[in-house]
Amino acid sequence: MLTTAELALGLSRHLSAYGASQPKADLGQLEFAGRIIELAIRLHGSGVSSPNRIAALGLDAGIPKRETLGQLLPALETLGLVDLERDAHHAVQAVSERIPPMTELFAQADTILESTMPEPLERMAMEVLRQTTLMPVTLGTALETCAPLGPEPLARRAIEDLQSLHLCALQRSADGDEVLLNPNVWAVDKDHSYAALQAENGVVRAALSGLLEKVSATAGLPEDEVTSADKRRIDFAVSQGLLLRSLVTTASGEERSFLFSPHMGRSAFDEPTGADPSGHVRQLIGSMMFANRYASNRLFAPTAFLRKLIRDGEAGDASNISADYSMLETAGIVRLEPAYSYSKFVLLQADIAEQAVTYLENTGSAGTASGSLRGQSGYLQPEIERARRLVQPSREATPSPSASQDILAALRQEMGRRRYDR
């Protein structure tokens, strides 16, 4: 499940692509919290900086100079993340950063969020986004989740705002069931209503949530290592498109299955790019996980092995290569050839291997693979994303129906006041 840091930072960057609008204004405090984290990330390790340098860092992130120096720096000072040296006229002369390591900074995300004083509607939007990114949920479940945070009309407006910002979609089944999902990670052309209705049972929801979180944190998870759900729940999740299964079969007849999230390699905040439509990346990662855990001649560093394969175009000289990895050759990812002593891989699809390495590295571990949303490596190195947005016009977010009614009511009241000179 997405952490507070990931939600705030992701929302802030997502909203930066939109022009001024009511849905964006509704989430203004969340955007500000994300910008605090954004600037803190850029300041980390910078030592002492001048105000002009801080302003330049803010501009590079698309944040106006006035907001960077006038609002974000004082907020960082209040949080104890920077020390500001001022002159006799209280103008900032130097900024000394005190940013902790990234893991500690992200752990402080709740404190950072509280300092911006988010409205109940914003808390509801965060919770709905968190839930619908993990799995599709019924509208009733979403409203129930928001109930402790405020009244139902406010929850519905939060959902409408997320829909306007393309962070939530409402799907209706043939039976009329309404299901909410994050369209950036779940295929909107697939009917997820049955799975969402099944999860209405608290026991089923807990089992599925735990299963999906585990798999999304470790893409390529061996199915026989799953302890949070039984085989029946796993088969259900696979049948409903909530999970994907990849098989590795050896020449000796041994078969192992590995589980992946459908949104492997996707972001909760950007339109999907059809990540791994052929399934070849999952097949390669699954084979690497098999080699790491089950092969007679175990591979202890899958990521390093794949990097060598990409760099040299070939890798390996082991007795079990020809016996255990014929499926990779059948898929056309590699070719198996004789090596000095045994057999080796000759790479045929470099792009597949490069994507596999990216997903492996997103976990920070060479022993497990993850294409999960939690990796969020793009958030720490957002240059490509920022460059893409700089050449695109601002997106438009239509006002939510409930907000439009409030605005019209206010305008009618104002017109009446002027007409009768009150």
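What follows is a chat about a predicted model of one protein.

Me: What does the secondary structure come to overall, in helices and strands?
Reply: In this predicted model, the secondary structure comes to 21 helices and 12 strands.

Me: And how much of the protein counts as buried?
Reply: The protein has 422 residues, and 51% of them count as buried. As for contacts between residues with a separation of 6 or more, 64% of them come from residues 24 or more positions apart.

Me: Let's take the sheet with S1, S2 and S3. In what order do the strands come?
Reply: The order is S1-S3-S2 in an open sheet of 3 strands, and the pairing is antiparallel. The edge strands are S1, at residues 48–49, and S2, at residues 82–86, each of which pairs on one side only.

Me: What holds strands of a sheet together in general?
Reply: Strands of a sheet pair through backbone hydrogen bonds, and the pairing can be parallel or antiparallel.

Me: How many bridges join S2 to S3 here?
Reply: There are 5 bridges between S2 and S3, the latter covering residues 92–97, and the two strands run antiparallel. One of the pairs is arginine 86 with valine 92, where valine 92 is the partner in S3.

Me: Which helices pack on that sheet?
Reply: Helix H4, residues 51–60, packs on the sheet and touches S1 and S3, with its direction making about 65° with that of S3. Helix H5, residues 65–78, also packs on the sheet, but it touches S2 and S3, and its direction makes about 120° with that of S2.

Me: Back to S2 and S3, what do they form, and what sits in the turn?
Reply: They form a hairpin with 5 residues between the strands, and histidine 90 in the turn has a positive phi of about 70°.

Me: Is histidine 90 buried or exposed?
Reply: Histidine 90 counts as exposed, because its relative accessibility is 63% and the cut-off for exposed is over 50%.

Me: Where is histidine 166, and what is its phi?
Reply: Histidine 166 lies in the loop between helix H10, residues 152–164, and strand S5, residues 169–172. Its phi is positive, at about 60°, although histidine 166 is not a glycine. At 41% relative accessibility, this residue counts as partly exposed.

Me: New topic: how many disulfides turn up?
Reply: A search of the whole structure finds 0 disulfides. Among the cysteines, cysteine 146 counts as buried at 0% relative accessibility, and cysteine 168 counts as buried at 4%.

Me: Last one, helix H18. Which of its residues are buried?
Reply: They are Ile352, Ala353, Ala356, Val357, Tyr359 and Leu360. Seen down the axis of H18, these buried residues fall within an arc of 165°, so they line one face of the helix.

Me: What does that face pack against?
Reply: The buried residues of H18 pack against helix H14 (280–293), helix H15 (302–312) and strand S12 (343–347).

Me: And how does the span of H18 agree with what it should be?
Reply: H18 has 12 residues, 350–361, which at 1.5 Å a residue should span 16 Å, and its end C-alpha atoms are 17 Å apart, so the two agree.

Conventions. Residues are numbered from 1 along each chain as its sequence is written. This is a predicted model: local features need pLDDT of at least 70, side-chain atom pairs count only at pLDDT 80 or more; totals for chains, interfaces and linings use all residues. Side-chain values use heavy atoms; hydrogens and water are left out. Helices (H or I, at least four residues) and strands (E, at least two) are DSSP runs, numbered from the N terminus. The expected span of a helix is 1.5 Å times one less than its number of residues. Buried means under 20% relative accessible area, exposed over 50%, partly exposed in between (1.4 Å probe, protein chains only). The arc is that of the directions from the helix axis to the C-beta atoms. Contact means heavy atoms within 4.5 Å. A disulfide is a pair of cysteine sulfur atoms within 2.5 Å. Two strands pair if DSSP finds at least two bridges between them. Axes are lines fitted to C-alpha atoms, for helices over the stretch in contact, and angles run from 0 to 180 degrees between N-to-C directions.
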